[in-house]
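Here is a quick tour for anyone meeting this chain for the very first time. Take a look at the sequence and the structure, then read on.

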Amino acid sequence: MNRTELNKIIKEHKLWLVSNGTKGKKADLEGADLRYTDLREANLEGANLEGATLRNANLRNADLRGATLRNANLRNADLRGADLRGANLEGANLEGANLEGAILRNANLEGVNLRNANLEGVNLEGADLRGDNLEYCFVSPGTKILGNMLITEFYKQYSSYWVVKSWVEFDQAGLVMELYK
């Protein structure tokens, strides 16, 4: 997909959003190859990006609320400050992604690969983390985790990061764990 086609899809999607679906067209980027694409501050709220390749893409401060990113490849993507509230990322690959300051409240992260991802300051409240790979991801003290995981081992690296080494899953709802120095 070239930049002109992508810009047209984003423009139609924006019109669809502001008109509450009466004009324009909802973005359907299922399976799209968007490697290294600059989507900084793009409004893709509710867009379909299922199975899309967004490897090394710049999605900094993008609005991805309610977007479908099932099985998407976001390896090494820049998602700093992105809003992913309520997004469906089931089975997505976020290995090495930078999610610093991202909002993932109530997102479906079931089976997501977050190995080596930067989760500093990420809001994961209400997110479904079942079956996730969180090995060696970076978290900062005060990162709130709500759901079905409990970090059992982590170690300090540098001055402000913790690196997750292992975790356990459990079935109790409502646990909030804060990591402190």
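## A word to start with

A residue is called buried when its relative accessible area is under 20%, and exposed when that area is over 50%. Keep in mind that what you're looking at is a predicted model.

## The overall layout

The chain has 1 helix and 5 strands. Start at the N terminus and the elements come in the order α-β-β-β-β-β.

Of the 181 residues in the chain, 42% are buried. The chain exposes about 8900 Å², and carbon and sulfur atoms supply 42% of that area. As for contacts between residues at least 6 apart in sequence, 17% join residues at least 24 apart.

## The helix, α1

α1 is 16 residues long and reaches 22 Å from its first C-alpha to its last, close to the 22 Å expected at 1.5 Å a residue. At its start, a side-chain oxygen of Asn2 comes to within 3.0 Å of the backbone nitrogen of Thr4. After α1 comes Asn20, which has a positive phi, near 55°.

Which residues of α1 are buried? They are Leu6, Ile10, His13 and Leu17. Look down the axis of α1 and its buried residues fall within an arc of 60°, so they line one face of the helix. The face turned away from that buried side carries the exposed residues Thr4, Lys8, Lys11 and Val18.

## The nonpolar core

In soluble globular proteins, nonpolar side chains tend to be buried together. In this chain, the largest nonpolar core has 43 residues. Leu79, Leu89 and Leu99 are the ones with the most contacts inside that core.

Take Leu99 and leave aside its neighbours within four places in sequence: its contacts then include Leu79, Leu84, Leu104, Leu114 and Val122. Arg80, Asn118 and Glu120 are also among the residues that Leu99 touches.

## A closer look at Leu59

Leu59 sits in the loop between α1 (3-18) and β1 (138-139). Is Leu59 buried or exposed? Its relative accessibility is 2%, so Leu59 counts as buried, the cut-off being under 20%.

What does Leu59 contact, once its neighbours within four places in sequence are left aside? The list is Leu39, Leu54, Leu74, Asp78, Leu79 and Ala82. Leu79 turns up here as well as among the contacts of Leu99. Leu59 and Arg80 are 21 residues apart along the chain, and their C-alpha atoms are separated by 7.4 Å.

How values were computed. Residues are numbered from 1 along each chain as its sequence is written. This is a predicted model: local features need pLDDT of at least 70, side-chain atom pairs count only at pLDDT 80 or more; totals for chains, interfaces and linings use all residues. Side-chain values use heavy atoms; hydrogens and water are left out. A nonpolar core is a set of buried Ala, Val, Leu, Ile, Met, Phe, Trp, Tyr and Cys residues joined through side-chain atoms within 4.5 Å. Buried means under 20% relative accessible area, exposed over 50%, partly exposed in between (1.4 Å probe, protein chains only). Contact means heavy atoms within 4.5 Å. Helices (H or I, at least four residues) and strands (E, at least two) are DSSP runs, numbered from the N terminus. Accessible areas come from the Shrake-Rupley method with a 1.4 Å probe; for residues, only the protein chains shown count as cover. The expected span of a helix is 1.5 Å times one less than its number of residues. The arc is that of the directions from the helix axis to the C-beta atoms. A polar contact is a pair of N or O atoms within 3.5 Å; within protein, one must be able to donate a hydrogen and the other to accept it, and residues adjacent in sequence count only if both atoms are side-chain atoms.
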